[in-house]
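Hi,

Here is the structure I promised to pass on. Have a look at it first, and then read my notes below.

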Amino acid sequence: MMLSAEQGLALGIVAFYLFDCLRLAPPETVYFLRNARTWSYRVPQQRWRLGSKSVEMLNPFLPWQLPLAARLLPDTQAKTVRLDKAFLPAVSDLLWPQRVLAALVLLAMPAAVIRDGLGVWFLLCLGLIYTVLGYGLFLVRRRAAALQLRREQWLSLCMECVFCPPFAVNLIRKIAAQQEEITDAVDFASRNLDRESLNRWRIEIGRFAQQQLQWYEPGDGAHRKWQVLLGRVGGKADERV
């Protein structure tokens with residue numbers, strides 16, 4: 001069955017967005033996910049790999065979810081990285097614009113294209129998209145210091161989002177990608193996860209560390225690092241690191 005041009009365009013909009021949800025993560029990286037006011041986590045998967053990195057698909061149904069990368073194997077030479085107190089409130093200001101933008105780009109625009117082609121409804125939808133996007137980028141610029149973005153990073157975000165609206169749906173994720181990697185995932189988990197999530201975290205990270213140990217010879221530097229991580233998460237379930 002051949003797709004019409006309108007159907008192909010609608011499918012392409014969604015495909016560009018899904019492509020933008022993909023990330024490459026090294027095995028020592030874990031994502032902490034902020035949704036509303038709660039934190040969760042995502043351990044790197046081993047199913048899909050590209051070289052030494054795993055291919056991760058961020059949740060396509062929650063484009064406003066904030067994913068922060070953290071190191072499972074902390075670098076003792078690196079400076080400690082923690083979130084600024086103003087960062088999360090600044091991200092929260094973007095939640096409603098991003099939800100409206102997601103509905104317009106991923107639902108309204110494909111429906112308008114299929115229904116009316118590149119007609120009046122498409123143009124109306126496009127105008128609304130750029131209005132909401134412009135407001136979101138204005139908020140980002142106004143809170144750039146709190147979001148820890150330099151001027152050139154903000155300009156890069158603007159160019160990417162303006163020229164490809166499906167990419168703009170992931171604006172919060174793009175801001176997260178500009179942040180410095182959290183240098184100690186165990187410390188971050190102990191500070192921000194609730195007790196139940198922290199218990200699950202310890203179990204999953206312990207299993208993951210055991211899997212990684214098999215790739216290295218005893219005495220190897222990486223082998224020792226994974227052993228240290230295993231020891232840090234292998235305490236009592238309710239222990240804080």
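Let's start with helix α9: the elements covering its buried residues include β2 (29-35), β3 (38-42), α8 (185-192) and α10 (221-233). Helices (H or I, at least four residues) and strands (E, at least two) are DSSP runs, numbered from the N terminus. Buried means under 20% relative accessible area (1.4 Å probe, protein chains only). Among the buried residues of α9 are Leu198, Trp201, Ile205 and Phe208.

Before you go on: this is a predicted model, where local features need pLDDT of at least 70 and side-chain atom pairs count only at pLDDT 80 or more, while totals for chains, interfaces and linings use all residues. Residues are numbered from 1 along each chain as its sequence is written, and side-chain values use heavy atoms, leaving out hydrogens and water.

Trp201 also turns up in the contacts of leucine 72 (contact means heavy atoms within 4.5 Å). Leucine 72 touches Trp201, Ile205 and Phe208, including others such as Pro27 and Leu229, not counting residues up to four places away in sequence.

Now for arginine 23, which sits in strand β1 (residues 22-25). Arginine 23 is buried but has no salt bridge, meaning a side-chain nitrogen of Lys or Arg within 4 Å of a carboxyl oxygen of Asp or Glu. The nearest side chain of opposite charge, aspartate 20, is 4.9 Å away. Still, a polar atom of the arginine 23 side chain lies 2.5 Å from the backbone oxygen of aspartate 20. Leaving aside neighbours within four places in sequence, the contacts of arginine 23 include Tyr31, Glu56 and Arg173.

Cheers

Notes. Buried < 20%, exposed > 50% of the residue type's maximum accessible area, 1.4 Å probe, protein only. Lys, Arg positive; Asp, Glu negative; His and termini not counted. Polar contact = N/O pair within 3.5 Å; in protein donor to acceptor, adjacent residues only side chain to side chain.
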